[in-house]
Amino acid sequence: LFNESAWDLFTVENTRGGLPNPWVYAIEQDQHGNLWFATEGGLARFDGRQWQNWAHKDGLGASIEQLESAFGEDSIDPAATSNHHTEQKREQGLQDVSVAYNPNYIVALTVDSAGSVWAGTWGAGLARYDGKQWRNYTTDNGLPSNHVFSLYIDDRQRLWVGTSKGLARAESGLDSFSMVEHELATTSIFAMANDLAKGLWVGGYGGVSHVTV
């Protein structure tokens, strides 16, 4: 573990920006063996030889104009107290944004059985990339919040979305979501897992809940 020569290291610098940001929050592998990386600067893919990445300019995340009416108590700008977020916003041209919104900032990631990549963003909703184009989902589509902290696909291939204001599940056709009406230990959901009893474990800041599904 501590032998540096035993590792292949990948950075923003040695990938020439292929990995767009040094903060990596999640890694997933698709059915073709490609690795996907959720970063604070967008989504990256590595096929073993070449890197490719996507950001808001490519379609990742809903626009701030689309979301203005949805900003509320969970939208306090982190740059107000964090030098890191202040610098991040400056680097990404978001220095004039005074709420918790960064469409490039991916907190959660998963890949479904069809090969679509789902990315949960910091204030810009849930994004899906089907290999050709992006589709973005927000509170207008039934999500409890546009801050998506966790994603989980269960053994029935249902997509669950953990947000800053509760849990949602994708409805048939994946074009809308419904909030799960269940008393949870927390509404800020950062982790999910299924078990053999067909229940969903939901964890976050405040505790853990077991939801029968």
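Residues are numbered from 1 along each chain as its sequence is written, and side-chain values use heavy atoms, with hydrogens and water left out. Because the model is predicted, local features need pLDDT of at least 70 and side-chain atom pairs count only at pLDDT 80 or more, while totals for chains, interfaces and linings use all residues. Helices (H or I, at least four residues) and strands (E, at least two) are DSSP runs, numbered from the N terminus.

The structure holds one cavity of 30 Å³ or more. On a 1 Å grid over the protein atoms alone, a cavity is a set of points where a 1.4 Å probe fits but cannot get out, and lining residues have an atom within 4 Å of a point. Grid points are joined across faces, edges and corners, and a volume is the space filled by probe spheres set on the points. The largest cavity contains about 50 Å³ of space. Its lining consists of Asp 77, Pro 78, His 85, Gln 88, Lys 89, Val 99, Ala 100, Tyr 101, Asn 102, Tyr 105 and Trp 122. Helix H2 (83-91) and S5 are the elements that give two or more residues to this lining, and H2 gives the most, with three residues. By class, six lining residues are nonpolar, three polar and two charged (Ala, Val, Leu, Ile, Met, Phe, Trp, Tyr, Cys and Pro count as nonpolar, Asp, Glu, Lys and Arg as charged, and the others, Gly among them, as polar).

Four salt bridges are found in a search of the whole structure, a salt bridge being a side-chain nitrogen of Lys or Arg within 4 Å of a carboxyl oxygen of Asp or Glu. One of them joins Asp 77 and Lys 89, with the closest N and O atoms 2.8 Å apart. Asp 77 lies in the loop between helix H1 (64-67) and H2, and Lys 89 in helix H2, so the pair ties together parts that are 12 residues apart in sequence. Both residues also belong to the lining of the largest cavity. Asp 77 is buried at 14% relative accessible area, and Lys 89 is buried at 7% (buried means under 20% relative accessible area, exposed over 50%, partly exposed in between, with a 1.4 Å probe and protein chains only). A salt bridge between the side chains of Arg 158 and Asp 154 has an N to O distance of 2.8 Å; Arg 158 and Asp 154 are buried.

The side chains of Lys 57 and Asp 58 also meet in a salt bridge, at 3.4 Å from N to O. Lys 57 is found in the loop between strand S4 (51-54) and H1 and is exposed, with a relative accessible area of 72%, whereas Asp 58 is partly exposed at 35%. Between Lys 57 and Pro 103, the C-alpha to C-alpha distance is 9.4 Å, at a sequence separation of 46 residues.

Thr 15 is placed in the segment before strand S1 (24-29) and counts as buried, because its relative accessibility is 12%. Not counting residues up to four places away in sequence, Thr 15 touches Phe 10 and Trp 51 (contact means heavy atoms within 4.5 Å). The Thr 15 side chain reaches the backbone oxygen of Val 12 at 3.4 Å.

Ala 114, in the loop between strand S5 (102-111) and strand S6 (117-122), counts as exposed at 65% relative accessibility.

Definitions and conventions:
On a 1 Å grid over the protein atoms alone, a cavity is a set of points where a 1.4 Å probe fits but cannot get out, and a pocket is an open set with protein on both sides within 12 Å along at least five of seven lines; lining residues have an atom within 4 Å of a point. A polar contact is a pair of N or O atoms within 3.5 Å; within protein, one must be able to donate a hydrogen and the other to accept it, and residues adjacent in sequence count only if both atoms are side-chain atoms.
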